[in-house]
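Visitor: I would like to learn how to read this structure. Where do we start?

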Amino acid sequence: MKAKQTNALATLLLWLAALAIVGILAWFLIFILGRGLPVLGPQFFTGPNGVGGQFFNSFYILFLSLVFSLPVGVGAGIYLAEYAPKNRLTDVMRLSTESLATVPSIVLGLFGMIIFVNVFKLGFTILGGAATLALLNLPVLVRVTEESLRNVPASYREASLALGATMWQTLRKVILPTALPGLVTGTTLVAGRALGETAILIFTAGMSVSRHLFDLRLTAPGETLAVHLYAVQANPLPGTHAGRVANGTAALLVLVALAFNLLLALPSRWLQHRLSGKRG
Amino acid sequence: MPRKTSWASVNDQLTRYLFIGCAVLVSLVILSILWFVGQQGLATFRHVTPLEFFTSSRWNPDRGQYGILTFIAGSIGTTFIAIVLGAPLGLAGAVFMGKIAPSSLRSLLRPVTELFAGIPSVVYGYVGIVVFVKIIRKTTGSATGFGLLAAGLVLAVMILPTIISISEDTLRALPDSYEEASMALGATRWQTIWRVLLPAAKPGILTAVILAMARAIGETMAVQMVIGNSPLFPHSLVTPTSTLTSDIVMEMGNTPYGSTWNDALFMMSVVLLLISLALIILVRLGIQKGEAK
């Protein structure tokens, strides 16, 4: 009898734990959006102390960082999944990719600062921020690519190679198209994470924003939304409604995170499901 | 016809080298980080002895005192609180998702965990300031509310997705026969979870905890916003102190490149780098041991 009671109690506690986890997230979202949504409006972007420039920089730097990291990350993932023999050298490659994935982002930021600010003497720039941010994306892209390619059934490869296709033809025409939904989902999550990154960008892209809205110059300073939230919180300048700006910026960041996780990641996951359904 | 085939094989070779090149490039990143950051950091020891650097808690760069023990204690303290609070909750969530939740509920919980990971760390820090710090100030009577406890609480929430997703994957990867055999012997579901599944999943759960530690010790923004940023050794959970990461962020902007102060901050990031590398190697050894069984 005692075992059954323990079982019931444990089940109850596990339900409560799950409820607590969902509850924490729900409370987080409601709290942030509740404080910040009323502030959001056209004025919030273009008015005095508007965050239009920061908003633009966030996406511009994200875009550039993906331009830098996607080809290399996907290429390395393809190598590890399809070509790499199992030996010492590829073991070292995997270990260094995993290590890169756990490097604290502040250390990446300092590395970027040495390279772009101190060695190349560029100062705080969009280019330096995006290139350093690319290092954060790289290991995750490698892993996502490797996993997506490994999920493609071996029979696809064998069939294509048996028909006389080269490895490259097989990759381009068979493996990559099949793995595409997984790649898209993974890249979306990488992008969502990169958009909220702060520690890397403070010392590479800087904490100021160009006077011109939509400044595309790579050498312009590039404060992003996340860095802006940190900046207004750390040094609330009088007369800038720092509290309101902080609330609105936090809400905006959460909205962007929600968009990337739900609007973009869910449809591609659904697509992945459908495609893998057809497979079986 | 033969010419076409040779083109295809040339292409095949070229792309192969291209992919190898990418993989080599990715592997070189960590080495160059170690090289550049390491070189800058080691310059500290031209003016400060390693013994003083690691064992003194006096951090007064104006007076030439560079002891980082306070920051190390802060980093370890916040990480410890985060693991103690976050790991059991996350593990319970993983067990629930993997073994108890009906599949419809599970497919709802998975995106919820991912959303935890998607929220930017500055937003966590912001909630930490406007909520946790205030509550701590009211309930403990501490003067500011900033300190290890506030940072530990924020980090406990931030490590949840790491703990949940890795533990759950491990639990789901266990052979069904374990569960079936235990149930067939008349064990309740909880007995099966506690005596069979969790012990079998132990290596995976340990990996989850170690990676969560790496995440917590390297987290910068959220911690910096709630820790209080004073270089005082943490004698209580609710007095302002600093961690390795928070102090780097605070002081890096105010120090000239090449000064001892600046070099010392780089050396602190070398310490962070070495800790995270050590944790990854620990995970690797654990996996190899698991495979060897």
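Predicted model: local features only at pLDDT ≥ 70, side-chain atom pairs only at ≥ 80, totals over all residues.

Visitor: At what angle do α1(A) and helix α4 of chain B pack, and how far apart are their axes?

Guide: A helix pair is read from an angle and a distance between axes. Here α1(A) and helix α4 (residues 103–118) of chain B pack at about 50°, and their axes are 11 Å apart. Angles from 65 to 115 degrees count as roughly perpendicular and those under 35 as roughly parallel; α1(A) and α4(B) are therefore oblique to each other.

Visitor: What is the angle between helix α3 and helix α9 of chain B?

Guide: Helix α3 (residues 69–100) and helix α9 (residues 189–200), both of chain B, pack at an angle of about 110°, with 12 Å between their axes. That makes α3(B) roughly perpendicular to α9(B). The crossing of this pair, α3(B) and α9(B), is right-handed.

Visitor: Which residues of chain A does UniProt place in the feature "transmembrane region"?

Guide: In an unreviewed entry, UniProt places "transmembrane region" at residues 12–34, 54–80, 100–117, 123–142 and 245–266 of chain A. Residues 12–34 of chain A are 100% helix and 0% strand, with end C-alpha atoms 31 Å apart. For residues 123–142 of chain A the values are 85% helix and 0% strand, with 30 Å between the end C-alpha atoms.

Visitor: And which residues of chain B does the "transmembrane region" annotation cover?

Guide: The UniProt annotation, again from an unreviewed entry, covers residues 17–37, 66–95, 115–133, 145–166 and 264–287 of chain B. Among them, residues 145–166 are 82% helix and 0% strand, and their end C-alpha atoms lie 33 Å apart. Residues 264–287 of chain B are 100% helix and 0% strand, with end C-alpha atoms 35 Å apart.

Visitor: Which domain annotation covers residues 72–283 of chain B?

Guide: UniProt, in an unreviewed entry, gives "domain: ABC transmembrane type-1" for residues 72–283 of chain B. That span is 79% helix and 0% strand, and its end C-alpha atoms lie 22 Å apart.

Visitor: Let us turn to side chains. Which residue forms a salt bridge with A:Glu82?

Guide: A:Glu82 pairs with A:Arg157, the closest N and O atoms being 2.8 Å apart. A:Glu82 lies in helix α3 (residues 52–83) of chain A and A:Arg157 in helix α7 (residues 154–162) of chain A, so the pair ties together parts that are 75 residues apart in sequence. Over all chains, the structure holds eleven salt bridges.

Visitor: Which residues make the nonpolar surface patch of about 500 Å²?

Guide: The patch is made by A:Leu9, A:Leu12, A:Leu13, A:Leu16 and A:Leu19. To place it, take one of its residues: A:Leu9 is in helix α1 (residues 2–36) of chain A.

Conventions: Residues numbered from 1 in each chain as written. Chains lettered and ligands numbered in written order. Heavy atoms only, no water. UniProt positions renumbered as here; feature names shortened; annotations may be inferred. Helix = DSSP H or I, 4+ residues; strand = E, 2+ residues; numbered from the N terminus. Patch = residues over 30% accessible without salt bridge, like charges linked within 9 Å, V, L, I, M, F, W, Y side chains within 5 Å. Areas by Shrake-Rupley, 256 points an atom, 1.4 Å probe, with all protein chains shown as cover. Salt bridge = Lys/Arg side-chain N within 4 Å of Asp/Glu carboxyl O. Axes fitted to C-alpha atoms, helices over the stretch in contact; angles between N-to-C directions. Parallel < 35°, antiparallel > 145°, perpendicular 65-115°, else oblique. Left-handed = near helix turned anticlockwise from the far one by under 90°.
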